[in-house]
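I opened my notebook to go through this structure one feature at a time. My entries follow in the order I looked things up.

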Amino acid sequence: EVTQSISTLRRGSDLKGILKSTVKAANRVLNADITVIFPYDEENNEFMMDFVVTDGEGLGEYKWQKPRKRGATRKILEREDFFASNISDAPKELKPLLRSGDFEKQFGVVAVAGIPLRLDSEKLGVLYVNYKVEHSFDEYEKDILRVFARTVAIILNNARVYDRENRALQLAEELRFASKQITQASDLHTILIDILDGALNLTRTSEGVIYLLNRVQTEIIDSVERTEGFHPKPRLDNSQGITRTIIDTGDTIKIPDVENDTHINPSIQKKGIRSVIGIPLKDEEAVIGILYLNYFERHNFYEEELGILSRLCEQAVLAIKNINRTRLVQEISQIITGILSAHGDLTTTYESILKNLNKIVPYDGAILHFLEDDRLVSRFVDGFEHPEEVLKFKLEKDKDRIQMYLTRTPIVISDVTIDERWEPVPSIDWVRSWMGVPLIAGGEYIGHFGLY
């Protein structure tokens, strides 16, 4: 019967029904009064009470309680081997727990076999075989218990694998649908809505929020949450906070139990959240957003789930970049039209160019350099406290950096404190990053924008 159960389960029959028939078979062979199986979900560290199966007389409407954290079932789950004896002869760490148990008292259990269900090192549940009269377990019965326990463990493991296979297929289809929704969105806010909806549907989670950051990661420019006002606004200036950590490292942060994490916002715990995951939305250069999912039950995050969420976020980043690219092209077209139609002196034209450039590439300071007699001369500045000092700054044409401009390629120095190409500008000591954009006319280099 149990061999047929295993093969039947692989064809998709329900777990509870198969366990029920298996328990009945074992109960007959062992001539027990009551047999109980508590399946265990190791990923979420909890017993699956919906799948508890029993066989025996007099159970009626008995309501099975979730095993206590320090109860006998938990202790048996952690054991390497099973025990089988009268309760009066049970191991000392289990005897008081068994004697005080509600089940044992109500049904008059005096002898019990408690067996941890394992496959290799994986914990899959606990099996109880109970007798209402004193019972001496001989070696023959113990061998049957071992075979029976391994069979049940295989059934539980196969059920888990089968469930994961089905879940993976379902997730793949849901991911395809969510990705389609995201890629068809026409604006950034709609993309955020679709990302959050897709993630909540994929994980069967009821609460979540997604944040979109500005280019320099100092401000949240848009957000969407399932329940308005549920999530406290994250502080991006808090270097110890989870949000800042995700931004700086680009890593996913998983918190299976918020009670044991000192970085989680206390208001989240007060609202009943037990587990949290924060996933970065990142392109090649930086984190552009963060997706948070919150669980009201303790949740261990398994690899399939993380993989699906990562792929969803990758689709989202592509969609966001496409929207930004389209919007940027439109902005650039408008800026070029404005510059070409502008009338006035050179200063007015320079000012128009830099101000419009700041809309596309936000900067703190900018210098417009022109090549004159083998020197770069500063002709116009924006954003500096002492522009007259900056205007005095000149570079020799034969500097390595100038030679690189001849390649007509923009130069980026992400950190001026460690890059040897950086040549400090007098009176400017606040610069951290720099970009040089060459100006090419008639195929010749004539100058560049320096963005600080």
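**Aromatic cluster**

I began with the rings. Ring pairs join Phe38, Tyr40, Phe47, Tyr62, Trp64, Phe103, Phe107 and Tyr128 into a cluster. I note here that the model is predicted. I searched the whole structure and got 14 aromatic pairs. One of them is Tyr40 with Phe47, a tilted pair at 5.1 Å centre to centre, with 55° between the planes. I checked why this counts as tilted: an angle under 30 degrees would be stacked and over 60 would be edge-to-face, and the rest are tilted.

Tyr40 has a relative accessible area of 7%, so I logged Tyr40 as buried. Phe47 is at 3%, so Phe47 is buried too. The cut-off I used is under 20% relative accessible area.

Next I took Tyr62 and Phe107. Their centres are 5.3 Å apart and their planes make 80°, which is edge-to-face. Where do Tyr62 and Phe107 sit in the chain? Tyr62 is in the loop between strand S3 (53–56) and helix H3 (72–78), while Phe107 belongs to helix H5 (residues 102–107). The two are 45 residues apart, so this pair links distant parts of the chain. I have both Tyr62 and Phe107 down as buried.

I also looked for a charge over a ring. Lys271 lies over the face of Phe230, 4.9 Å from the ring centre.

S9 pairs with strand S10 (residues 275–282) over three bridges, in the antiparallel sense. Ile255 stands opposite Val276 of S10.

**Helix H11**

I tested the length of helix H11 (residues 346–360). The helix has 15 residues, and at 1.5 Å a residue it should span 21 Å. Its end C-alpha atoms are 22 Å apart, which agrees. I listed the buried residues of H11 as Tyr350, Ser352, Leu354, Asn356, Leu357 and Ile360.

**Positive phi**

I flagged two residues. Asn31 is not a glycine, yet its phi is positive, near 55°. Asn31 sits in the loop between helix H2 (15–30) and strand S1 (34–41). Is Asn31 buried or exposed? Its relative accessible area is 62%, so Asn31 is exposed.

Asp120 is the other entry. Its phi is positive as well, about 60°, and Asp120 is not a glycine. I placed Asp120 in the loop between strand S5 (111–119) and strand S6 (122–131). With a relative accessible area of 75%, Asp120 is exposed.

**Whole chain**

I counted 13 helices and 17 strands in the chain. The chain has 452 residues, and 46% of them count as buried. I looked at contacts between residues at least 6 apart in sequence, and 56% of these join residues at least 24 apart.

Technical notes
Residues are numbered from 1 along each chain as its sequence is written. This is a predicted model: local features need pLDDT of at least 70, side-chain atom pairs count only at pLDDT 80 or more; totals for chains, interfaces and linings use all residues. Side-chain values use heavy atoms; hydrogens and water are left out. Helices (H or I, at least four residues) and strands (E, at least two) are DSSP runs, numbered from the N terminus. The expected span of a helix is 1.5 Å times one less than its number of residues. Buried means under 20% relative accessible area, exposed over 50%, partly exposed in between (1.4 Å probe, protein chains only). Rings of Phe, Tyr and Trp (its six-membered ring) pair if their centres lie within 6.5 Å; planes under 30 degrees apart count as stacked, over 60 as edge-to-face and the rest as tilted. A charge sits over a ring if NZ of Lys or CZ of Arg is within 6 Å of the ring centre and within 35 degrees of the ring normal. Two strands pair if DSSP finds at least two bridges between them. Contact means heavy atoms within 4.5 Å.
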